[in-house]
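Me: Got a model loaded here. Can you walk me through it, quick answers only?

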Amino acid sequence: MDWQTYIHSDPDILCGKPVVRGTRLSVTFLLGLFAAGWSEQQVLENYPSLTSEALRAVFAYASESMN
């Protein structure tokens, strides 16, 4: 998964936190939704600008960041 296509940081958006490109949805926020028990379907329904690929990129980014 090439997460760089979907995740980026910009100092002018959320103080440089990594976000899904084209949104103000941070990786941390989205991971928090999953930690709270949200399903992929719930996230996609509530945030229609997201795609399944973008959500996979969030997990790929988090996984790579932990190494």
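This is a predicted model: local features need pLDDT of at least 70, side-chain atom pairs count only at pLDDT 80 or more; totals for chains, interfaces and linings use all residues.

Me: How far is M1 from A54?
Reply: Their C-alpha atoms are separated by 10 Å, and the two are 53 residues apart along the chain.

Me: E53 and R56 both came up. What do R56 and E53 form?
Reply: R56 forms a salt bridge with E53, and the closest N and O atoms are 3.7 Å apart. The term means a side-chain nitrogen of Lys or Arg within 4 Å of a carboxyl oxygen of Asp or Glu. The structure holds 1 salt bridge.

Me: How are R56 and E53 placed in helix 3?
Reply: Being 3 residues apart in helix 3, R56 and E53 are separated by about one helical turn. An α-helix has 3.6 residues a turn, so residues three or four places apart point the same way.

Me: And how accessible are R56 and E53?
Reply: R56 is partly exposed at 44% relative accessible area. E53 is partly exposed too, at 35%.

Me: Which residues of helix 3 are buried?
Reply: A54, L55, A57, V58, Y61 and A62. They cover an arc of only 155 degrees around the axis, which puts them on the same side of helix 3. That arc is of the directions from the helix axis to the C-beta atoms.

Me: What covers them?
Reply: The cover of the buried residues in helix 3 includes strand 1 (7–8), strand 2 (19–20), helix 1 (27–35) and helix 2 (40–46).

Me: What span should helix 3 have?
Reply: At 1.5 Å a residue, its 14 residues (52–65) should span 20 Å, and the end C-alpha atoms are 20 Å apart, which agrees. The expected span is 1.5 Å times one less than the number of residues.

Me: Zoom out. What pattern does the protein follow?
Reply: Along the sequence, β-β-α-α-α. Helices (H or I, at least four residues) and strands (E, at least two) are DSSP runs, numbered from the N terminus.

Me: What about the radius of gyration?
Reply: A compact globule of 67 residues would have one near 11 Å, and the protein has 11 Å, which agrees. The radius is taken over C-alpha atoms, and the globule rule is 2.2 Å times the number of residues to the power 0.38.

Me: How much of the protein is buried?
Reply: Buried residues make up 30% of the 67 residues. One of interest is H8 in strand 1, which is buried at 18% relative accessible area.

Me: What is H8 in contact with?
Reply: Leaving aside neighbours within four places in sequence, H8 is in contact with I13, K17, P18, V19, R21 and G22.

Me: Last one. Where is S49?
Reply: S49 sits in the loop between helix 2 and helix 3. S49 is exposed, at 54% relative accessible area. S49 and T23 are 26 residues apart in sequence and 7.6 Å apart in space, C-alpha to C-alpha.

Key. Residues are numbered from 1 along each chain as its sequence is written. Side-chain values use heavy atoms; hydrogens and water are left out. Buried means under 20% relative accessible area, exposed over 50%, partly exposed in between (1.4 Å probe, protein chains only). Contact means heavy atoms within 4.5 Å.
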